Amino acid sequence: MANEKALTAIAADLDLCDLGLVLTTGSRRRTFASHRKACFDALKAMNAAEGLDQISDDDLLAELLS
């Protein structure tokens, strides 16, 4: 994948966000939730840039298993 470093960074951020959502409350929790949403938005944008948002589930599964 062309964006492997970016994907790794996003995955690490999502791990921290999930942990933060479990362990915090109030404004800090909202900060984690907001950053988590931003991570998923970045993933969607990366998928769209690579054309992965246009691929069917069956085609994606076949690609991953090959």
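Modeller: What follows is a set of questions about labels, each answered from its definition.

This is a predicted model, in which local features need pLDDT of at least 70 and side-chain atom pairs count only at pLDDT 80 or more, while totals for chains, interfaces and linings use all residues. Residues are numbered from 1 along each chain as its sequence is written, and side-chain values use heavy atoms, with hydrogens and water left out.

Colleague: Why is cysteine 17 called buried?

Modeller: Buried means under 20% relative accessible area, exposed means over 50%, and partly exposed is in between (1.4 Å probe, protein chains only). Cysteine 17 has 2%, so cysteine 17 is buried. Cysteine 39 has 4%, so cysteine 39 is buried too.

Colleague: How do you know how many disulfides there are?

Modeller: A disulfide is a covalent bond between the sulfur atoms of two cysteines. The rule here asks for a pair of cysteine sulfur atoms within 2.5 Å. The cysteine sulfur closest to that of cysteine 17 is in cysteine 39, at 5.1 Å, and that is too far for a bond. Cysteine 39 is therefore in no disulfide. The count comes to 0 disulfides.

Colleague: Where is cysteine 39 found?

Modeller: Cysteine 39 is found in helix 2. A helix here is a DSSP run (H or I, at least four residues), numbered from the N terminus. The C-alpha atoms of cysteine 39 and leucine 7 are separated by 9.7 Å, and these two residues are 32 residues apart along the chain.

Colleague: What makes arginine 36 and aspartate 18 a salt bridge?

Modeller: A salt bridge needs a side-chain nitrogen of Lys or Arg within 4 Å of a carboxyl oxygen of Asp or Glu. For arginine 36 and aspartate 18 the N to O distance is 2.7 Å, and the pair is a salt bridge. Arginine 36 lies in helix 2 (residues 26-49) and aspartate 18 in helix 1 (residues 4-23), so the pair ties together parts 18 residues apart in sequence. Arginine 36, at 29%, counts as partly exposed, and so does aspartate 18, at 32%.

Colleague: How many salt bridges are there by this rule?

Modeller: The count comes to 2 salt bridges. Aspartate 41 and lysine 37 also form one, at 3.1 Å, N to O. Both lie in helix 2, 4 residues apart, about one turn of the helix. Aspartate 41 is partly exposed at 36%, whereas lysine 37 is exposed at 52%.

Colleague: Which residues make the nonpolar surface patch?

Modeller: Leu52, Ile55, Leu60 and Leu64 make the patch, of about 320 Å². Patch residues have over 30% relative accessible area and no salt bridge; like charges are joined within 9 Å, and nonpolar side chains (Val, Leu, Ile, Met, Phe, Trp, Tyr) within 5 Å. Isoleucine 55 has 31% and is partly exposed; isoleucine 55 is found in the loop between helix 2 and helix 3.

Colleague: Which residues gather in the patch of negative charge?

Modeller: Asp57, Asp58, Asp59 and Glu63 gather there, on the surface. Asp and Glu count as negative. Aspartate 58, in helix 3 (residues 57-65), has 63% relative accessibility and so counts as exposed.

Technical notes
Areas by Shrake-Rupley, 256 points an atom, 1.4 Å probe, with all protein chains shown as cover. Charge placed at Lys NZ, Arg CZ, Asp CG, Glu CD. Helix = DSSP H or I, 4+ residues; strand = E, 2+ residues; numbered from the N terminus.
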